Amino acid sequence: MPVEVTWWGHATCTVEDSRTRVLTDPLFARRLAHLRRRRGAVPPAEARHADVALVSHLHADHLHVPSLARLAPGTRLLVPRGAQRAVPGLRRLTHLGVSEVAPGDVTTVGGLVVRAVPARHDGRRLPVGPHRSPALGYVLEGEARTYFAGDTGLFDEMAKEVGPVDVALLPVGGWGPYLGEGHLDAARAAEALARLGASSAVPVHYGTYWPIGMDAVRPHEFHAPGHEFERQAARHAPGASVHRLGHGERVRLEAAR
């Protein structure tokens, strides 16, 4: 049974494996603070249905309480340790089964084992907040091993901490003209792909949101990262297949093992 990946835009994906449906960093907004959705429709109602939703870190474009509130009752929700204290709105989501996790924690959901892994990223609830919640990635182990990176920079232990995977959902851009520390651009994402040895990759976290009034500021940073990741992956990880999806598009992937 292959794994199926649907990209809804930004870091929001649905991964279906072993008859279990996983939703990553749900964001169902046309506008978020100073950002507006420039490409792709807001995900349809079907995107809100999952067995488990994963939140990688506390930034509002990854932990968006109004979007989480729209998830179906009974959905399990995994968030970084300390999130409920840092984001009080999470406590109102009584229709969800919320669990806090840290790197190394393992959760079984349906036919999947979900393992939280480290990420190198500022995990605070911005613009202010103490460093109390780790930024995470997740590895889904079922028919395939699928890595959702969240937001992360490269780090020396990446291959060891994440482990060999079949499919990598990798951020390749951002929501503004410049990327700060703790992010992957297209070239660094291709290097991560090579380190992880994944046979398939889906670029995410680009080409969706952009600051209002800045459409003409470095527009290539909005449009180009997906294509550039394809080019860089061919150089750094020539054995991997890159699936550059449009918003709402789905791909079926077979595990290499």
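Modeller: Two strands pair if DSSP finds at least two bridges between them; strands are DSSP runs of E of at least two residues, helices runs of H or I of at least four, numbered from the N terminus. This is a predicted model, in which local features need pLDDT of at least 70 and side-chain atom pairs pLDDT 80 or more, while totals for chains, interfaces and linings use all residues. Residues are numbered from 1 along each chain, and side-chain values use heavy atoms, without hydrogens or water.

Seven strands form an open sheet, and their order is β8-β7-β6-β3-β2-β1-β17, with mixed pairing. At its edges lie β8 (97-101) and β17 (249-253), each of which pairs on one side only. From one strand to the next, the twist averages 20 degrees (axes are lines fitted to C-alpha atoms, and angles run from 0 to 180 degrees between N-to-C directions).

The D17 side chain reaches the backbone nitrogen of E143 at 2.9 Å and that of A144 at 3.1 Å. Setting aside residues up to four places away in sequence, D17 touches V3, L112, G142, E143 and A144, where contact means heavy atoms within 4.5 Å.

Helix α4 spans residues 186-196, and its buried residues are A186, A189, A190, A192, L193 and L196. They lie on the same side of α4 because they cover an arc of only 155 degrees around the axis, taken from the directions to the C-beta atoms. Among the elements that cover these residues are β12 (145-148), β14 (200-204) and α6 (225-236). At the start of α4, a side-chain oxygen of D185 comes to within 3.3 Å of the backbone nitrogen of A187. After the helix comes G197, with a positive phi near 70 degrees.

Note on methods. Buried < 20%, exposed > 50% of the residue type's maximum accessible area, 1.4 Å probe, protein only. Polar contact = N/O pair within 3.5 Å; in protein donor to acceptor, adjacent residues only side chain to side chain.
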